[in-house]
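My notes follow in the order in which I looked things up.

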Amino acid sequence: MTVVVCPGSFDPPTNGHVDVFERCAALFDRVVVAVVANPSKQPLFSIDERVGLVRAVTAHLDGIDVEGFEGLVVEFARSRQATAIVKGVRGPSDFDYEWQMASMNNHLTGIDTVLVPAAPAVSFISASLVREIARLGGAVDTLVPAAVAAALKEKLQ
Ligand code: PNS
């Protein structure tokens, strides 16, 4: 059985994240989505809210668990007996960042990272732009699942 960990801040989960979750669910037996408790920036949504939102946007997929975590992703992956870490990449700047993290994580415990290129239709979406557009009153319904758009509306009103 191939278990992978898909870590991220997911503040909030976007259609780009859902694309990666769907492709992971098709490729691997079990996917543990690891929602980082304390991202470097102050998150808009609490850890419990982000875990709840990721659960809502993955409810249509089999073989997905969603958990909050604090600490090193490699230790979380080891505790779940994961074979690999999976990350989405939207383009060259993501690749540079992900390449460094993948190499560091491999150096720490030997775990490999599988990079999934984002589908072109969602490759321009980022959670930070979604937050900014929502804060400024713009429409985000083509960028995030309906449950997330509703949560943003409620949080920012
Ligand atoms: O969605 P993001 O913010 O791009 O996700 C970044 C994340 C959470 C995957 C990364 O910051 C991470 O792995 N954090 C956990 C702490 C850790 O393991 N740091 C060392 C990375 S080499």
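I began with Asp 94, which counts as buried at 14% relative accessibility (buried means under 20% relative accessible area, exposed over 50%, and partly exposed in between, with a 1.4 Å probe and protein chains only). This is a predicted model, in which local features need pLDDT of at least 70 and side-chain atom pairs count only at pLDDT 80 or more, while totals for chains, interfaces and linings use all residues. Residues are numbered from 1 along each chain as its sequence is written, and side-chain values use heavy atoms, with hydrogens and water left out.

**Salt bridges**

I then asked which residue forms a salt bridge with Asp 94. The partner is Arg 90, with the closest N and O atoms 2.8 Å apart; a salt bridge here is a side-chain nitrogen of Lys or Arg within 4 Å of a carboxyl oxygen of Asp or Glu. Arg 90 is partly exposed, with a relative accessible area of 40%.

I searched the whole structure and noted 8 salt bridges. One of them joins the side chains of Glu 67 and Arg 80 at 2.5 Å, N to O. This pair links distant parts of the chain, since Glu 67 sits in strand β3 and Arg 80 in the loop between α3 and β4, 13 residues apart; helices (H or I, at least four residues) and strands (E, at least two) are DSSP runs, numbered from the N terminus. Both partners are partly exposed, Glu 67 at 23% relative accessibility and Arg 80 at 30%.

I also recorded the salt bridge between Lys 87 and Glu 98, whose closest N and O atoms are 3.0 Å apart. Lys 87 belongs to strand β4 and Glu 98 to helix α4 (residues 92-109), so the pair ties together parts that are 11 residues apart in sequence. I noted that Lys 87 and Glu 98 are both buried.

**The ligand**

Next I looked up what surrounds the ligand, and found Lys 87 again in a list that also includes Ser 9, Phe 69, Leu 72, Val 73, Met 101, Met 104 and Asn 105 (a residue is near a molecule if one of its heavy atoms lies within 4 Å of it). An N or O atom in the side chain of Ser 9 is 2.6 Å from an oxygen atom of the ligand, and a backbone N or O atom of Val 73 lies 2.8 Å from a ligand oxygen atom. Taken alone the ligand exposes 540 Å², of which the protein buries 70%; accessible areas come from the Shrake-Rupley method with a 1.4 Å probe, and for residues only the protein chains shown count as cover.

Leu 72 lies in the loop between β3 (64-69) and α3 (73-79) and is exposed, with a relative accessible area of 52%.

**Backbone geometry**

I checked the backbone because most residues other than glycine have a negative phi, and most peptide bonds are trans. In the loop between β1 and α1, Phe 10 has a positive phi of about 50°, and this residue is buried at 4% relative accessibility. The peptide bond from Asp 11 to Pro 12 is cis, with omega near 5°, and Pro 12 is placed in the loop between β1 (3-8) and α1. Gln 81 has a positive phi of about 55°; Gln 81 is in the loop between α3 and β4 (84-89) and is exposed, at 65%.

**Two buried residues**

Is Thr 14 buried or exposed? Thr 14 counts as buried, at 2% relative accessibility, and is placed in the loop between β1 and α1. Not counting residues up to four places away in sequence, Thr 14 touches residues including Ile 125, Val 130, Leu 143 and Pro 145 (contact means heavy atoms within 4.5 Å). Asp 19, in helix α1 (residues 15-27), is buried at 13% and touches Ala 118, Ala 119 and Val 122, with residues up to four places away in sequence left out.

Notes. A polar contact is a pair of N or O atoms within 3.5 Å; within protein, one must be able to donate a hydrogen and the other to accept it, and residues adjacent in sequence count only if both atoms are side-chain atoms.
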